[in-house]
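Here is a short report for a reader new to this structure. Look over the sequence and the model, then read on.

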Amino acid sequence: MRISELSNPYGATGARPTAGEIVDRTWRMLIGGAATEAASGDTMDVINPADETVVTRIPLGGAADIDAAVEAALTAAPGWAATSMADRARVLVALAEAIEAHGEELAWTDTIDNGSPIGVMQGDFRAAVSQLRYFAGLALQLRGETIPMSDHDALDYTLRDPFGVVGRIVPWNHPLLFAAARIAAPLLAGNTVVLKPAEATSLSALRLGELAAGLVPPGVLNIVPGIGPDAGERLVTHPDVPRIAFTGSSTTGRRVQARAASAAVKTVTLELGGKNPLIVFADADVHAAVDGAMAGMNFTWQGQSCGSTSRLLVHSSLYEDVVTEVGRRMDAMRLGDPADPATDIGPLVSAEHYRKVTSYIRAGLSDPALRLVAGGSALHRPGYYVRPTLFSAPAGPSGPLFQEEIFGPVLVAAPFESYDQAITEANALPYGLTASVWTTDLHTAMAAARDLRAGYVWVNASSAHFPGAAFGGVRNSGVGREEGMEELESYTQPKNVYVRF
């Protein structure tokens, strides 16, 4: 059966799915335009992080399923590359319209699967729609150039060719947003795609496959859930996948880079983690800086964001005021059921991640150099709930809570005395994804933007992304840029053509 032949399992378009509607149905992968079970017949549980119940089961894709998906993508690649840019753009617009029409359904599915509050997941489906439409609008901007020649009887120009098959591995913190938005550029550039969603949050990607099957030619988009060491490993090392894009932790990103290189010469882009600084200088607007510190931590999706500004560096003259107010605001956040629109922060994504985050909190509680300002405990109820937690280090930053990415609602703060000390502390780690600077002095703002070693710097702002503003990191935070023209071009290979008349 083709996925496009399935009826809408949720009834009314855009409706909130009930638990029964998610449980009482069969989830399938998308391979070659067809609804497909895992070749092994294996499945994996989908656990609701809000109450730890098993919601449903999905196919556990493996190496054989990746091989089948790559074969389907290879078969479809020549026809898709020959499709006009305008027609490819129309496919992206159609995907955007389908996601928009089913947005509420997709948002509720992500809330049940991921644990982020429903309002956050509603924002995610809208952002996915916006990104698909943005890239569709870039269709006529993907172009080559002509190179002047000294010989008047010759012409030199460049073309941009697709790679063929792209392997796209996305994380669990924004399941639908990353599944939908991160296929836009490779598809528009003329590539076919094999998408592997995170094993912890695959439901909305599989639902996206159902919606896409009637809009995208068979084999152009394939979606295979599975675990990293099996499905992910095979996708990264497959000899017929020359282009890999991965979003996730720095540790896994380095492994992806190494494993890809062990198989063939591949183009690999990585959007990885960070331990990002937010710097509050002595002349900053304190109230705005506190707002920025709260927004920068992305608490509304449990701090589970690579761009979270999880190191708060504050000038000593403002330190106690800022830390006290941030702690007060964190304690005032409403932690609870992500399906309740009044909830500010829901559970962490999984039991494994809960154990990781709480181990850092325990380490902080036992460190005499740290003072607990807010949170520091879990909720005594089913689900993977952790209170937003703030530690203060009045003697200065040190230890694992300052040096390692926690990827949870844990913020650490330390004072500084001078501009040079602030920049030195901000640049001390091997990461470089984001940074946020708060100051009313133009010289300080411009100097910090120059001196910070990060791929994305906010001045008197934090967390926000903007269409067309390329996002990505330096050093151990990644290679390449996304969300702008740079991402689209990265899915093409330039070809030079010299013509003598």
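## Salt bridges across the chain

Glu233 and Arg259 join their side chains in a salt bridge, at 2.5 Å from N to O. The two residues sit in distant parts of the chain, 26 residues apart: Glu233 belongs to helix H9 (residues 228-237), and Arg259 to helix H10 (residues 250-263). Glu233 is partly exposed, at 25% relative accessible area. Arg259 also counts as partly exposed, at 32%.

This model is predicted. Its mean pLDDT is 94, and 96% of the residues reach 70 or more. Over residues 1-13, however, the pLDDT is below 50; this stretch has 39 contacts in the model beyond near neighbours in sequence.

The structure holds 20 salt bridges. Three of them are set out here.

| Pair | N to O distance |
|---|---|
| Glu233 and Arg259 | 2.5 Å |
| Lys495 and Asp161 | 2.9 Å |
| Glu482 and Arg182 | 3.0 Å |

Lys495 and Asp161 meet in a salt bridge. This pair spans 334 residues, from Asp161 in strand E6 (residues 154-162) to Lys495 in strand E20 (residues 492-500). Lys495 is partly exposed, at 39% relative accessibility. Asp161 is partly exposed too, with a relative accessible area of 24%.

Glu482 and Arg182 form a salt bridge. They lie 300 residues apart, and each is in a loop: Glu482 between strand E19 (478-479) and helix H17 (485-490), Arg182 between helix H6 (175-181) and helix H7 (184-188). Both Glu482 and Arg182 are buried.

Salt bridges also link Arg25, Glu105, Arg207 and Glu210 in a network.

In soluble globular proteins, nonpolar side chains tend to be buried together. The largest nonpolar core here has 64 residues, and Ile99 and Leu488 touch the most other members. Helix H5 (residues 118-137) gives the most to this core, with nine residues. Beyond its neighbours within four places in sequence, Ile99 contacts Leu106, Phe125, Val129, Leu132, Leu176, Ala180 and Leu208. A second, separate core has 27 residues, including Leu313, Phe416, Ile423 and Leu452.

## Around His315

His315 lies in strand E13 (residues 311-315). Is His315 buried or exposed? His315 is buried, because its relative accessible area is 16%, under the 20% cut-off. Its side chain makes a polar contact of 2.8 Å with the side chain of Ser317. A polar atom of the His315 side chain also lies 3.2 Å from the backbone oxygen of Glu417. Not counting residues up to four places away in sequence, His315 touches Val280, Phe281, Ala282, Phe416 and Glu417.

Notes
Residues are numbered from 1 along each chain as its sequence is written. This is a predicted model: local features need pLDDT of at least 70, side-chain atom pairs count only at pLDDT 80 or more; totals for chains, interfaces and linings use all residues. Side-chain values use heavy atoms; hydrogens and water are left out. Helices (H or I, at least four residues) and strands (E, at least two) are DSSP runs, numbered from the N terminus. Buried means under 20% relative accessible area, exposed over 50%, partly exposed in between (1.4 Å probe, protein chains only). A polar contact is a pair of N or O atoms within 3.5 Å; within protein, one must be able to donate a hydrogen and the other to accept it, and residues adjacent in sequence count only if both atoms are side-chain atoms. Contact means heavy atoms within 4.5 Å. pLDDT is the predictor's confidence in each residue, from 0 to 100. A nonpolar core is a set of buried Ala, Val, Leu, Ile, Met, Phe, Trp, Tyr and Cys residues joined through side-chain atoms within 4.5 Å. A salt bridge is a side-chain nitrogen of Lys or Arg within 4 Å of a carboxyl oxygen of Asp or Glu.
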